[in-house]
Amino acid sequence: MADDELEAIRRQRLAELQSKHGGPSWNQMNLGDSSNDQQGQQEAKQRETEMRNSILAQVLDQSARARLSNLALVKPEKAKAVENYLIQMARMGQLGGKISETGLIDILEKVSQQTEKKTTVKFNRRKVMDSDDEDDD
């Protein structure tokens with residue numbers, strides 16, 4: 001990803017944060033105006049998803065994006081974790097170009113190993129009152 005594109009994204013995000021925090025404070029806000037607040041939250045979520053999609057479009061090639069979208073259909077939490085990982089790497093400048101499908105598979109394996117849950121089975125053997133040691137004659 002080019003440095004000027006990354007800088008433009010940073011400037012856009014900074015402007016969003018400034019407009020979000022530069023608005024009226026909670027003390028000054030009219031409590032009866034919740035519909036505008038909900039609409040503002042929806043717009044902020046939409047801008048965030050658009051920004052995420054634009055970063056992912058710059059970072060991933062077409063086949064990798066298709067694989068990630070397929071993963072999002074099956075395991076949305078894992079896809080979100082991979083997206084966050086990729087966006088974080090892109091913001092830090094750790095990506096040297098577009099990631100191919102094989103590169104995405106490697107990243108998926110790393111995330112799977114980090115989030116892997118180990119299952120253990122524990123047998124709780126209880127002593128039964130009716131044992132074979134005692135003979136009832």
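Q: Which helix holds methionine 92?
A: Methionine 92 is found in helix α4, which covers residues 76–92. Keep in mind that this is a predicted model.

Q: Is methionine 92 buried or exposed?
A: Read the relative accessible area; over 50% counts as exposed. Methionine 92 has 56%, so methionine 92 is exposed.

Q: How far apart are methionine 92 and leucine 6, in sequence and in space?
A: Take both separations together. In sequence, methionine 92 and leucine 6 are 86 residues apart. In space, their C-alpha atoms are 9.7 Å apart.

Q: Where is arginine 52, and is arginine 52 buried or exposed?
A: Start with the element. Arginine 52 is found in helix α2, residues 34–59. Then take the accessibility; under 20% counts as buried. Arginine 52 has 11% relative accessibility, so arginine 52 counts as buried.

Q: How many helices and strands does the chain have?
A: Count the elements, then read their order. The chain has 5 helices and 0 strands. From the N terminus on, the order is α-α-α-α-α.

Q: At what angle do helix α3 and helix α5 pack?
A: Look at the angle, the axis distance and the hand. Helix α3 is residues 62–74, and helix α5 is residues 101–114. They pack at an angle of about 40°, with their axes 8 Å apart. The crossing of α3 with α5 is right-handed.

Q: Which residues of α3 and α5 meet?
A: Take each side in turn. From α3 come Ser63, Ala64, Arg67, Leu68 and Leu71. From α5 come Glu101, Leu104, Ile105 and Leu108. The residues of this contact divide into 6 nonpolar, 1 polar and 2 charged.

Q: What is the mean pLDDT of the chain, and which elements are lowest and highest?
A: Begin with the mean, then go element by element. The chain has a mean pLDDT of 78, and 77% of its residues reach 70 or more. Over residues 23–31 the pLDDT is below 50. Beyond near neighbours in sequence, that stretch has 2 contacts in the model.

How values were computed: Residues are numbered from 1 along each chain as its sequence is written. This is a predicted model: local features need pLDDT of at least 70, side-chain atom pairs count only at pLDDT 80 or more; totals for chains, interfaces and linings use all residues. Side-chain values use heavy atoms; hydrogens and water are left out. Helices (H or I, at least four residues) and strands (E, at least two) are DSSP runs, numbered from the N terminus. Axes are lines fitted to C-alpha atoms, for helices over the stretch in contact, and angles run from 0 to 180 degrees between N-to-C directions. A crossing is left-handed if the near helix is turned anticlockwise from the far one by less than a right angle, and right-handed if clockwise. Contact means heavy atoms within 4.5 Å. Ala, Val, Leu, Ile, Met, Phe, Trp, Tyr, Cys and Pro count as nonpolar, Asp, Glu, Lys and Arg as charged, and the others, Gly among them, as polar. pLDDT is the predictor's confidence in each residue, from 0 to 100. Buried means under 20% relative accessible area, exposed over 50%, partly exposed in between (1.4 Å probe, protein chains only).
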